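Open the model in your viewer and keep the selection tool at hand. Each stop below says what to select and what is there.

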Amino acid sequence: LGFIGYDPISWLTLEVAAGQSKAEFAETRSDMDAGGEWLVGMQLRVLDYLFATERPFMCRMEADVYYNSVNSDANMTELEWNELFASFTVNLTTKLRKPLFGKYVGFYFGPAYSTITGTLSEYNRSHDVQEDKSTGLIGGFIYNPSDYLSWKLEMQEFEQTSMGLSLGLHF
């Protein structure tokens, strides 16, 4: 996904994103192609604390909420699903010593909640789908080569593990 974020105030980021997502769904008989995905959400910074040590680092607690919509298809099969996601994470970030390699690097982890509803249409038949497990864990690694750009590698663990890579532009 490609994210664009806007900070109307210092402790709130509003986000929109678009990209592609490939669904792996146990009930389908064929591989799903990557389909369009979009997202709207917000990130609330609950706590920002700078530890002034020899190598300063920041501890941040954040609450994220977003709504995500995805559509994937293959041959005679189509999967449309929507997700409402929330997480509360602890983020530890430090400034890199050599600016040549970027500005900041950090990692985050915490509990997450996700509710998914959707429709699987296969050979002119459809049925509703939903998640098996709504609570899970989230964690990831963030690399900021500048104040305006970030790369995020994220893992989510609910019923199964999923991974994602995103690029963020910050204004």
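Begin by selecting Tyr-49, Phe-51 and Phe-57, which form one aromatic cluster. Rings of Phe, Tyr and Trp (its six-membered ring) pair if their centres lie within 6.5 Å; planes under 30 degrees apart count as stacked, over 60 as edge-to-face and the rest as tilted. By this rule the count comes to five aromatic pairs.

Before going on, note that this is a predicted model, in which local features need pLDDT of at least 70 and side-chain atom pairs count only at pLDDT 80 or more, while totals for chains, interfaces and linings use all residues. Residues are numbered from 1 along each chain as its sequence is written, and side-chain values use heavy atoms, with hydrogens and water left out.

**Stacked rings**

Next select Tyr-66 and Phe-85. How far apart are the ring centres of Tyr-66 and Phe-85? The distance is 4.7 Å centre to centre, with 20° between the planes, and the pair is stacked. Tyr-66 belongs to strand S4 and Phe-85 to strand S5 (residues 77-95), 19 residues apart. Strands here are DSSP runs (E, at least two residues), numbered from the N terminus. Tyr-66 is buried at 15% relative accessibility, and Phe-85 is buried at 1%. Buried means under 20% relative accessible area, exposed over 50%, and partly exposed in between (1.4 Å probe, protein chains only).

Now select Phe-107 and Phe-109. Their ring centres are 6.2 Å apart and their planes are at 20°, so this pair is stacked. Phe-107 is partly exposed at 40%, and Phe-109 is partly exposed at 40%.

**The nonpolar core**

Select Phe-3, Ala-17, Leu-39, Tyr-66, Phe-85, Tyr-108, Ala-112, Ile-138, Ile-142 and Phe-158: these ten residues are the largest nonpolar core. Strand S6 (104-122) and strand S8 (135-146) each give two or more residues to this core. A second, separate core of five residues includes Leu-79, Trp-81, Leu-120 and Val-129. A nonpolar core is a set of buried Ala, Val, Leu, Ile, Met, Phe, Trp, Tyr and Cys residues joined through side-chain atoms within 4.5 Å.

**Salt bridges**

Select Arg-45 and Asp-7. They form a salt bridge, with the closest N and O atoms 3.7 Å apart. Arg-45 is in strand S3 and Asp-7 in strand S1, 38 residues apart. Is Arg-45 buried or exposed? Arg-45 is buried, with a relative accessible area of 10%, whereas Asp-7 is partly exposed at 36%. A salt bridge is a side-chain nitrogen of Lys or Arg within 4 Å of a carboxyl oxygen of Asp or Glu. The count by this rule is four.

Move to Arg-60 and Asp-48, a salt bridge whose closest N and O atoms are 2.5 Å apart. Arg-60 lies in strand S4 and Asp-48 in strand S3, so the pair ties together parts that are twelve residues apart in sequence.

**The nonpolar patch**

Last, select Ile-4, Tyr-6, Leu-14, Val-16, Trp-38, Val-40, Met-42, Val-65, Tyr-67, Leu-84 and Leu-169, which make a nonpolar surface patch of about 940 Å². Patches are made of residues with over 30% relative accessible area and no salt bridge: like charges are joined within 9 Å, nonpolar side chains (Val, Leu, Ile, Met, Phe, Trp, Tyr) within 5 Å. Which strand gives the most to the nonpolar patch? S3 does, with three residues. Met-42 lies in strand S3 and is partly exposed at 39% relative accessibility.

Conventions:
Areas by Shrake-Rupley, 256 points an atom, 1.4 Å probe, with all protein chains shown as cover. Helix = DSSP H or I, 4+ residues; strand = E, 2+ residues; numbered from the N terminus.
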